[in-house]
Amino acid sequence: QQFHFLGTQITDKALRDLMATKYAANLIELTLARHSTLTSPTITNIFLTKYFSNLQIVDLSFTETTDKALKALSESQYLLQVRELSLSGCFRITDAGIAHYIVSKNSKPLEKLDLSFTEITNLGLSYIRDSSCLLYTSD
């Protein structure tokens with residue numbers, strides 16, 4: 001199942017209510033891109049909840065996602081299947097958040113990581129380059 005809430009104005013409460021439904025457990029893809037109404041604590045709670053345990057694709061582009069939320073994802077004991085993560089336009093994601101994600105024991109290699117339009121510098125890129133946080137495939 002997929003839920004795409006691209007650019008909608010759903011609230012923190014509505015998303016929390018969704019987390020508690022039977023649909024959340026079967027959800028594979030969640031798009032919350034371009035949400036100005038979702039707060040960082042709610043985004044962080046997504047990663048801490050067992051209800052989204054089957055998520056594989058997470059798009060948080062242009063949201064208030066922070067290093068704290070990225071840390072919650074990397075330490076989550078529930079979100080172990082995430083293979084694609086889009087943080088494009090998440091201006092609160094920094095090199096420190098990327099570093100924490102990479103060194104976390106629970107972080108699984110990603111097939112896709114989008115960090116365009118973030119505050120990531122060459123230092124953050126070097127963390128990614130020197131780690132195994134991305135799966136590389138060759139044709």
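Tutor: Rings of Phe, Tyr and Trp (its six-membered ring) pair if their centres lie within 6.5 Å; planes under 30 degrees apart count as stacked, over 60 as edge-to-face and the rest as tilted. The model is predicted, so local features need pLDDT of at least 70, side-chain atom pairs count only at pLDDT 80 or more, and totals for chains, interfaces and linings use all residues. Residues are numbered from 1 along each chain as its sequence is written, and side-chain values use heavy atoms, leaving out hydrogens and water.
Student: How many aromatic pairs does the rule give?
Tutor: The count comes to one aromatic pair. Phe62 and Phe117 form this tilted pair, at 6.3 Å centre to centre and with 40° between the planes.
Student: Which parts does the pair tie together?
Tutor: Phe62 lies in the loop between β3 (57-59) and α4, and Phe117 in the loop between β5 (112-114) and α6 (122-129), so the pair ties together parts 55 residues apart in sequence. Helices (H or I, at least four residues) and strands (E, at least two) are DSSP runs, numbered from the N terminus.
Student: What sits over the ring of Phe62?
Tutor: The charged end of Arg34 does, 4.3 Å from the ring centre; the criterion is NZ of Lys or CZ of Arg within 6 Å of the ring centre and within 35 degrees of the ring normal.
Student: Now the helices: at what angle do the axes of α4 and α5 cross?
Tutor: The axes of α4 (residues 67-75) and α5 (residues 95-103) cross at roughly 5° and come within 9 Å. Axes are lines fitted to C-alpha atoms, for helices over the stretch in contact (heavy atoms within 4.5 Å), with angles from 0 to 180 degrees between N-to-C directions.
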